[in-house]
Amino acid sequence: MKLPGALPPLAGRAGAAVRALYLALLALTLAALATGGFMSARDYFVTTPNNLSFGLVTGTGSTTAPNPRQVRIYMATSDAARRSGILKDDIVLAVNGTRVPADAGEHVIGRLTGATRGDVATVVTRSLDGTVRTHRLPRQAGAWSAEIPGTGLNGWQRSALLFGSDHLKLALSMAAAILLYLRRRRDPVALLFGTAFLTFCLMSGSAFWFWHAIGLDNARHVVSILFYSTLLTALSAFPDGRFTSRWTSALALVGGPSVFLLWFAGWQWRLVTGTQLAIYSTIILLASVVALVLRYRRLPVGPERQQIKWAVFGIAGAILIMTSAWLLSVAGVFFVPGQGAAGFVGSILVSTISWSLIPLGLLVSLLRYRLYDADAAISRSAAYTFLTILLVAGFAVAKKGLEIAGEQYFDGAAGAISGGLAAAAAAILIAPMHRKVADWTEQRFQKALIRMRDGLPELVGDLRETARLGELADTVLERIGDGVRATRAALVVDGQAVARRGGMGETPISLPLQREDGSQFGAILLGPRPDGSLYGKLERQALDEVTRPVARAVRIVRERETAAEAHAAEMAALKARLAALEDRLGEVPLAAE
């Protein structure tokens, strides 16, 4: 079967139809988020405090409940509610004698608990085994300001964190989808990514209320298939819309439909579990990322290569953050579920930050904004990630070793202080480890910049003894241009350009060449990078470091050449005088013997 080699162009009527569908999807998403945002805010800040007053946190929908649209118990927060026999995933059947409809949302429960008169609410539930129980729940004074078990936060802090993190991801995704349409509406890859961001919003917890209100709860699952399909296709054709190999083309065409078929098999016939589907979907996405990396390795240096760097950086950054958080959780250092604010808040922040990296990386890439900052961003992120992993591993090993030593030699007495000693050992190692990791990542991801910063001073120190000014200037501009990716460069001495690189044009960066007394005698002029952006902090620091040795080398070469020119002029004058003297001697007749 002949597979397509590229995405079709968005031209003519076909392009107009695609853009109309995109705008329709955008309008649907805005409507869903407006409705869902209102109901979500009502849930977090009206329903939740009403339910907490009687020791309950509820949720709508559950894969384990008999009816996934019914309201279930998510958590019993008071001792009285737990003693009454309320269990997680119990279905709420009635409150204060009022039956709860099978398709009601938890807002109904919040309204009924909020309308409770007196200090006791009567709640009827049905457990997963079919047991029906009646619970008399006393009102809890100050429950909204009391700590919720396992979170380390009180009610309003928990609601604010969950609502804020959910809607921050949605706002970023919507902004990305709108910006891609405004800036790249004729780019099929940009619109595919925009569609993925919109469908991500439509499968969110906030949009759940929209689908629930119109009776299409399972629409979120169908939308998730569209999310995977568009994301896979966009990654396979990134960044120019071409499929570079048969297997990337097949991945784009087969990956999404296969995820849909597995989801349908799991939903309709229970042949596939949700975990198995998640694992398969992750493998397919990782295959797309691998294809992107392979394409990157085959590309020459240029904008497309930098675009892929940013895309991979966003996706890989999300994966690395989640992996690091998992390692910290396993080591018992941080993000431990059910152990206070660190675990609860940390898990929310990891989810928010990791997703945010994906649209941010793709936005920078597709809009070609500051493409050449990718190396610095990747270098720093990799350094912090590797450092975190090393510290966690060191802490875990040290803690376990101290626990074993305590059990063997001190009858377990060291167990209580093993965590503190392990943390102290990790703190002692952090400085040398940070320096080594930072050096390695710089050498790996910023080779040209490090080569300029570390190698140019030594090189000009050698050249100043033998090279001419033009040769020295050409070498300096070549190293600096490669190091910071300058499109244009010139070295000016006493108002005259002694060397140029990249032709004529704007050179907004000027690095002054100064004498020992601070007076300026020249400058290195640099143009922008290929994407039109100017240099980042690390590049400016590196340029500042090389300017002084370059100025010294230029000054020495000028002095040497000036001295050589003066010496040559003296020698020429001397030769001329000798020649004139020889001529005069030749005119004088020899005396007679």
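Partly exposed means a relative accessible area between the buried limit, under 20%, and the exposed limit, over 50%. The close-up views below are taken from a predicted model.

**View 1. Aspartate 482 and arginine 501 meet in a salt bridge.** Aspartate 482 has 33% relative accessibility and therefore counts as partly exposed. Arginine 501, at 29%, is likewise partly exposed. The N to O distance between the two side chains is 2.9 Å. This pair links distant parts of the chain, with aspartate 482 in helix H15 (residues 469–484) and arginine 501 in strand S8, 19 residues apart.

**View 2. Strands S8, S7, S10 and S9 form an open sheet.** The four strands are arranged in the order S8-S7-S10-S9, and their pairing is antiparallel. Strand S8 (496–501) and strand S9 (509–514) are the edge strands, each of which pairs on one side only. From one strand to the next the twist averages 15°. Strands of a sheet pair through backbone hydrogen bonds, in a parallel or an antiparallel manner.

**View 3. Strand S7 (residues 489–493) pairs with S8.** Five bridges hold the two strands in the antiparallel sense. Leucine 491 has alanine 499 in S8 as its bridge partner. The hairpin of S7 and S8 has two residues between the strands, and aspartate 494 takes a positive phi near 55° there.

**View 4. Strand S9 is joined to strand S10 (residues 520–526).** The two strands run antiparallel and are joined by six bridges. Leucine 511 stands opposite isoleucine 524, a residue of S10.

**View 5. Arginine 529 and glutamate 539 form a buried salt bridge.** The side chains of the two residues meet at 3.0 Å, N to O. Arginine 529 lies in the loop between S10 and H16 and glutamate 539 in helix H16; the pair, 10 residues apart, links distant parts of the chain. Arginine 529 counts as buried because its relative accessibility is 1%. Glutamate 539 is also buried, at 7%. Salt bridges with shared partners join Arg370, Asp373, Arg529 and Glu539 into one network.

**View 6. Aspartate 240 pairs with arginine 242 in a salt bridge.** The closest N and O atoms of the two residues are 2.5 Å apart. Aspartate 240 has 28% relative accessibility and so counts as partly exposed. Arginine 242 is partly exposed too, with a relative accessible area of 40%. Side chains of opposite charge can pair when their charged atoms come close. The structure holds 18 salt bridges.

**View 7. Strand S5 (residues 120–126) has a covered and an uncovered face.** Ala121, Val123 and Thr125 make up the covered face. Val120, Thr122, Val124 and Arg126 make up the uncovered face. In a regular strand the side chains alternate between the two faces of the sheet. Strand S3 (residues 91–95) pairs with S5 in the antiparallel sense over four bridges, and valine 95 has valine 123 in S5 as its bridge partner.

**View 8. Strands S5 and S6 form a hairpin.** Strand S6 (residues 132–138) and S5 pair over seven bridges in the antiparallel sense. Arginine 126 has valine 132 in S6 as its bridge partner. Five residues lie between the two strands, and glycine 130 in the turn has a positive phi of about 95°.

**View 9. Serine 258 makes a polar contact with tyrosine 280.** Serine 258 is placed in helix H8 (residues 246–269). Its relative accessible area is 14%, so serine 258 is buried. The contact runs from side chain to side chain, at 2.7 Å.

**View 10. Phenylalanine 197 is buried in helix H5 (residues 188–202).** The relative accessible area of phenylalanine 197 is 1%. Alanine 177 is 20 residues from phenylalanine 197 in sequence, while their C-alpha atoms are 6.1 Å apart.

**View 11. Five residues make a nonpolar surface patch.** The patch consists of Met571, Leu574, Leu578, Leu581 and Leu585 and covers about 450 Å². Leucine 581 lies in helix H16 (residues 537–587). With a relative accessible area of 43%, leucine 581 is partly exposed.

Terms used: Residues numbered from 1 in each chain as written. Predicted model: local features only at pLDDT ≥ 70, side-chain atom pairs only at ≥ 80, totals over all residues. Heavy atoms only, no water. Buried < 20%, exposed > 50% of the residue type's maximum accessible area, 1.4 Å probe, protein only. Polar contact = N/O pair within 3.5 Å; in protein donor to acceptor, adjacent residues only side chain to side chain. Patch = residues over 30% accessible without salt bridge, like charges linked within 9 Å, V, L, I, M, F, W, Y side chains within 5 Å. Areas by Shrake-Rupley, 256 points an atom, 1.4 Å probe, with all protein chains shown as cover. Salt bridge = Lys/Arg side-chain N within 4 Å of Asp/Glu carboxyl O. Pairing = 2+ DSSP bridges. Axes fitted to C-alpha atoms, helices over the stretch in contact; angles between N-to-C directions.
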